[in-house]
Amino acid sequence: MEPTTAQSRLTPKGRPVYSSAMPRRDQAFISSDQLSESQIQELFESARLFKHEFQKTGKVTHCLKNPERMHNSVLALVFAEPSTRTRMSFQMAGARLGMRALALDNPQVASLSKGETIEDTLRNMGAMGPDLMVVRLDDLPDAENILRDIPCPVISGGIGTREHPTQALLDAYTIQEFRGQVKGEKVLFVGDVLHSRVANSNLLLLNRLGAEIAYCAPEAFQPKNERWKGVKSFRDLEEGFSWATVVMALRIQKERHQNVTIGLSTAEYREKFRIGGDQLKFLRDDGILLHPGPVIRGIEISDFAMNDSRCKVLDQVSNGVFVRMSLMSILLGLEVESR
């Protein structure tokens with residue numbers, strides 16, 4: 001797939017403008033692999049402008065050259081798996097851009113409970129003509145093709161254990177914001193790497209941007225697919241924390257453990273892999289601690305660690321709105337400019 005998104009140029013007043021639209025064949029944003037490094041940086045610059053304007057004025061429409069295009073536009077969110085941050089972040093991003101958001105996020109009140117397939121649900125939602133859709137799916141074999149068949153721009157809100165591309169974008173943006181760069185950073189993933197779509201997407205994106213990746217996980221949670229082959233691993237957190245500039249804890253995904261024998265009790269996992277004060281002593285003073293959420297306190301990470309000044313979990317959440325606004329503006333063909 002040929003990556004195409006934002007192209008920057010200068011207005012007659014000399015201000016940078018970021019305008020773009022993926023061609024129709026690329027209208028489903030499923031993987032960060034669809035973006036080149038320069039396009040990612042342009043997306044980040046657009047997100048930075050949105051964030052700066054919001055912090056300064058409480059609004060973002062001043063960054064849009066053509067905000068009237070969003071009048072009466074509709075964002076449809078279809079989530080076949082539970083979500084708080086991703087769903088609300090996209091809904092918030094759409095509202096900030098002037099869109100009306102409609103959500104289908106409870107299969108029990110949808111025709112899925114009557115036997116309709118998720119494919120037909122998405123086809124019917126697409127037939128209603130939303131301007132943009134955000135979709136979260138489980139591990140359907142044909143999930144990517146299903147999203148590409150929807151007749152409007154679509155953004156993946158996460159597909160099973162495979163990928164969560166917008167989470168990776170906001171994670172990389174947060175790393176760049178607090179560390180000054182992504183290239184050369186040493187990023188350690190801790191916990192359930194095997195079942196984490198966040199880890200998979202981050203591996204792709206952060207490698208593209210020049211970061212070095214490692215993980216620390218119990219054997220049952222260590223990644224098995226080819227893309228993780230050769231990635232550095234650590235047996236204990238102290239060694240990993242001494243190496244890392246960025247640590248990302250991952251949620252233990254119990255809903256995906258039906259056929260997994262962990263080999264550790266909850267108490268044993270907490271003793272060996274919970275991030276707390278003992279491990280933080282080994283993290284450099286200017287390092288950062290991240291977590292994509294939801295955070296399971298006391299098992300994955302301690303209250304002490306969550307309150308550490310290096311913990312940027314809530315900053316990830318805030319940045320998610322602006323990064324997703326930036327991506328949405330790209331797909332909708334909006335122009336973002338500096339004032």
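**Reading the features in turn**

Author: Let us begin with the cysteines; a search of the whole structure, which is a predicted model, finds 0 disulfides.

Reader: What is a disulfide?

Author: A disulfide is a covalent bond between the sulfur atoms of two cysteines. In this model, the search of the whole structure returns 0 of them.

Reader: Is C152 buried or exposed?

Author: The relative accessible area answers this, since buried means under 20%. C152 has a relative accessible area of 4%, so C152 is buried. C216 stands at 0% relative accessibility and therefore also counts as buried.

Reader: Which residues of α2 are buried, and what do they pack against?

Author: The buried residues are T86, R87, S89, F90, A93, G94 and L97. The buried residues of α2 pack against helices α1 (37-57), α5 (165-179) and α11 (313-332), and against strands β4 (74-79), β6 (132-137) and β7 (154-159).

Reader: How do β4 and β5 run, parallel or antiparallel?

Author: Strands β4 and β5 (residues 100-104) run parallel and are joined by 5 bridges. Within this pairing, L75 stands opposite A101 in β5. The chain passes from β4 through α2 to β5, and this β-α-β crossover is right-handed.

Reader: What describes a pair of aromatic rings?

Author: Such a pair is described by the distance of the centres and the angle of the planes. The structure holds 7 aromatic pairs. In one of them, the ring centres of F54 and F322 are 5.8 Å apart and the planes are at 55°, so the pair is tilted.

Reader: Which parts does the pair of F54 and F322 tie together?

Author: F54 lies in helix α1 and F322 in helix α11, so the pair ties together parts that are 268 residues apart in sequence. With a relative accessible area of 24%, F54 is partly exposed, whereas F322, at 7%, is buried. Another aromatic pair, F234 and W243, is tilted, with 5.4 Å centre to centre and 45° between the planes. Both F234 and W243 are buried.

Reader: Which residues form one aromatic cluster?

Author: F189, Y215 and W228 form one such cluster.

Key: Residues are numbered from 1 along each chain as its sequence is written. This is a predicted model: local features need pLDDT of at least 70, side-chain atom pairs count only at pLDDT 80 or more; totals for chains, interfaces and linings use all residues. Side-chain values use heavy atoms; hydrogens and water are left out. Buried means under 20% relative accessible area, exposed over 50%, partly exposed in between (1.4 Å probe, protein chains only). Helices (H or I, at least four residues) and strands (E, at least two) are DSSP runs, numbered from the N terminus. Contact means heavy atoms within 4.5 Å. A disulfide is a pair of cysteine sulfur atoms within 2.5 Å. Two strands pair if DSSP finds at least two bridges between them. A crossover is right-handed if, with the strands pointing away from the viewer, the path from the first strand over the helix to the second runs clockwise. Rings of Phe, Tyr and Trp (its six-membered ring) pair if their centres lie within 6.5 Å; planes under 30 degrees apart count as stacked, over 60 as edge-to-face and the rest as tilted.
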